[in-house]
Amino acid sequence: MIKSSIEYIKKQKQLNNFITYGVGQAFNLVTPILVVPYIVSICSEEGYGKIGVGLAIAFFLMVFIDYGSDILGVQEVSVNRESKEKLEKIFITIYTAKLVLLLLVLLLATILFYTVPFFANEKQLFFLSLPILIGQFINPTWFLQGLENFKWITVLNIISKVIYVIGIFIFIQKPADYIYNNLFWGIGMIIANCFVFLYLLNRHAFSFKKTKRIEVKTYLKTNFSMFSSQIFVSLQMYSPIVLISIFGNNIMAGQYKIIDQIIVIFRTYIILFFNFVFPRVCYLLDKSRIEGLNFWKKVNGLNFLFILFLMTLIVVYSFVVVDYFNPKDVAYISDLLKIALFIPILQSVSQPLKQLILGWNKQTKYIRTTMIVTVITLVLIVILTPVFKVMGVLSSLIISEILIISIFFYHIKNKLFNRLS
């Protein structure tokens, strides 16, 4: 009776954590949806495309600052949460390493923004995007995740996005003001992250005076492999809009960004669903392959039907959905959106296969597949974009998802169908 009560409380805590975390992520998704129609109406699709390119570059550079801390740092904090000394060592080592990486990234970015014509033409926009990197350096989300403190992660997200929204509606009043969009995104991150960062320092009484150079070097060396794989994941996520701008134009980039703003809602949901289900899948696969696969088929099958239903609904109302964002050519973007909806459908298949790949400890195959498919995707975008415009990019992304599904399935098909293995 006592044991079952404890298990019930644990499940309730996990559910509450998921709901709390979900609220914060939902706030992240809803905020752009609220401001994008206003931004497009003031700055046009071309201005919004430039904003999207600036954000994509900033988000890509984040990977160099995080340096795998969003995965391995979370794991280290989680394992050592009962030891104040170990937590302090992890905290000050990672933040010191991130400071070094931040300074290097800012230096290299400055050189690029002045010397490369593509960046120099919009250097104001790109320089005003750099506060996002400073905000990410301060960002303590990785530490909070390790402690399973989802309440403060949600508070952090809400504060940063409220500041961003206020900045947009007050300061973006004419087309040329598009350069300030990413600045307010960064300011929101800096203020919110500083608030929580100082709270953590005060609560845990961490001291950076104890930082050791050898530990920082060890951290950078140990995390290099994970960091390398994350570069390819980030490239696949953020490079399409940059390549559209380079091989097409900023109007096309704006059209793609509007479509991506819709798709990202479902992509984020699928990732959240993956994170919530994945631990259970791993546990059951280790306990019993058949039991694990039955659970995997049930939950992911239902989720696939749910995604399919939502995508069908959006196809029916695609014109209305696109019209909400105030673009000029609603019919054209609506047709593109109908094609793009295949991406979430395919991801609702590739992500469950990813659960099995990682659950059966095929991490090497996962990393190798991610790298190969990313390179193929980027090459396809470069080849197809000048000819087929935004449709070329969407086709490349659809092909990449099909490749991932095919490769993952090839690696697990024996275990998936052989009931005796």
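# Exercises on a predicted helical model

Leucine 272 counts as buried, because its relative accessibility is 15%. The structure discussed here is a predicted model, and each exercise below is followed by a worked solution.

## Exercise 1. Leucine 272 and its helix

Task: State in which helix leucine 272 lies, and find how far leucine 272 is from tyrosine 21 in sequence and in space.

Solution.
- Step 1: Leucine 272 belongs to helix H12.
- Step 2: Along the sequence, leucine 272 and tyrosine 21 are 251 residues apart.
- Step 3: In space, their C-alpha atoms are 9.3 Å apart.
- Step 4: Buried means under 20% relative accessible area. Leucine 272 has 15% relative accessibility and therefore counts as buried.

## Exercise 2. Phenylalanine 278

Task: Locate phenylalanine 278, list its contacts beyond four places in sequence, and give its distance from leucine 220.

Solution.
- Step 1: Helix H12, which covers residues 250–287, contains phenylalanine 278.
- Step 2: With neighbours within four places in sequence left aside, phenylalanine 278 is in contact with Gln355, Leu358 and Gly359.
- Step 3: Leucine 220 is 58 residues from phenylalanine 278 in sequence, and the C-alpha to C-alpha distance is 28 Å.

## Exercise 3. Buried or partly exposed?

Task: Decide whether asparagine 303, alanine 176, tyrosine 67 and asparagine 326 are buried or partly exposed, and place each residue in the model.

Solution.
- Step 1: The cut-offs are under 20% for buried and over 50% for exposed, with partly exposed in between.
- Step 2: Asparagine 303 is found in helix H13, residues 289–316. Its relative accessibility is 6%, so asparagine 303 counts as buried. Beyond four places in sequence, asparagine 303 touches Tyr269 and Phe273.
- Step 3: Alanine 176 lies in the loop between helix H8 and helix H9. Its relative accessible area is 45%, so alanine 176 is partly exposed. Between alanine 176 and tryptophan 360, which are 184 residues apart along the chain, the C-alpha separation is 52 Å.
- Step 4: Tyrosine 67 is in the loop between H1 and helix H2. With a relative accessible area of 8%, tyrosine 67 is buried. The phi angle of tyrosine 67 is near 50°, a positive value in a residue other than glycine.
- Step 5: Asparagine 326 is found in the loop between helix H14 and H15. With a relative accessible area of 39%, asparagine 326 is partly exposed. Phi is positive here too, near 60° in asparagine 326, a residue other than glycine.

## Exercise 4. The directions of packed helices

Task: Classify the pairs H17 and H18, H15 and H16, and H6 and H9 as roughly parallel or roughly antiparallel.

Solution.
- Step 1: Angles under 35 degrees count as roughly parallel, and angles over 145 as roughly antiparallel.
- Step 2: Helices H17 (residues 363–388) and H18 (residues 390–417) pack at about 155°, with axes 8 Å apart. H17 and H18 are therefore roughly antiparallel. Their crossing is right-handed. The residues of this contact comprise 16 nonpolar, seven polar and one charged.
- Step 3: The axes of H15 (residues 330–340) and H16 (residues 342–359) cross at roughly 10° and come within 5 Å. H15 is therefore roughly parallel to H16. Lys338, Ile339 and Ala340 in H15 meet Phe342, Ile343 and Pro344 in H16. The residues of this contact are five nonpolar, no polar and one charged.
- Step 4: The axes of H6 (residues 131–138) and H9 cross at roughly 20° and come within 7 Å. H6 is therefore roughly parallel to H9. The crossing of H6 and H9 is left-handed. Among the residues making the contact are Ile132 and Ile138 of H6 and Trp185 and Phe197 of H9. This contact divides into 10 nonpolar, five polar and no charged residues.

## Exercise 5. The largest nonpolar core

Task: Describe the largest nonpolar core, name the helix that gives the most to it, and list the contacts of leucine 356.

Solution.
- Step 1: The largest nonpolar core has 125 residues.
- Step 2: Helix H1 (residues 2–66) gives the most to this core, with 19 residues.
- Step 3: The residues with the most contacts inside the core are Phe91, Leu133, Ile259 and Leu356.
- Step 4: Residues up to four places away in sequence are not counted for leucine 356, which touches Val281, Leu285, Leu293, Trp296, Ile412 and Leu416.

Key
Residues are numbered from 1 along each chain as its sequence is written. This is a predicted model: local features need pLDDT of at least 70, side-chain atom pairs count only at pLDDT 80 or more; totals for chains, interfaces and linings use all residues. Side-chain values use heavy atoms; hydrogens and water are left out. Axes are lines fitted to C-alpha atoms, for helices over the stretch in contact, and angles run from 0 to 180 degrees between N-to-C directions. Helices (H or I, at least four residues) and strands (E, at least two) are DSSP runs, numbered from the N terminus. Angles under 35 degrees count as roughly parallel, over 145 as roughly antiparallel, 65 to 115 as roughly perpendicular and the rest as oblique. A crossing is left-handed if the near helix is turned anticlockwise from the far one by less than a right angle, and right-handed if clockwise. Ala, Val, Leu, Ile, Met, Phe, Trp, Tyr, Cys and Pro count as nonpolar, Asp, Glu, Lys and Arg as charged, and the others, Gly among them, as polar. A nonpolar core is a set of buried Ala, Val, Leu, Ile, Met, Phe, Trp, Tyr and Cys residues joined through side-chain atoms within 4.5 Å. Buried means under 20% relative accessible area, exposed over 50%, partly exposed in between (1.4 Å probe, protein chains only). Contact means heavy atoms within 4.5 Å.
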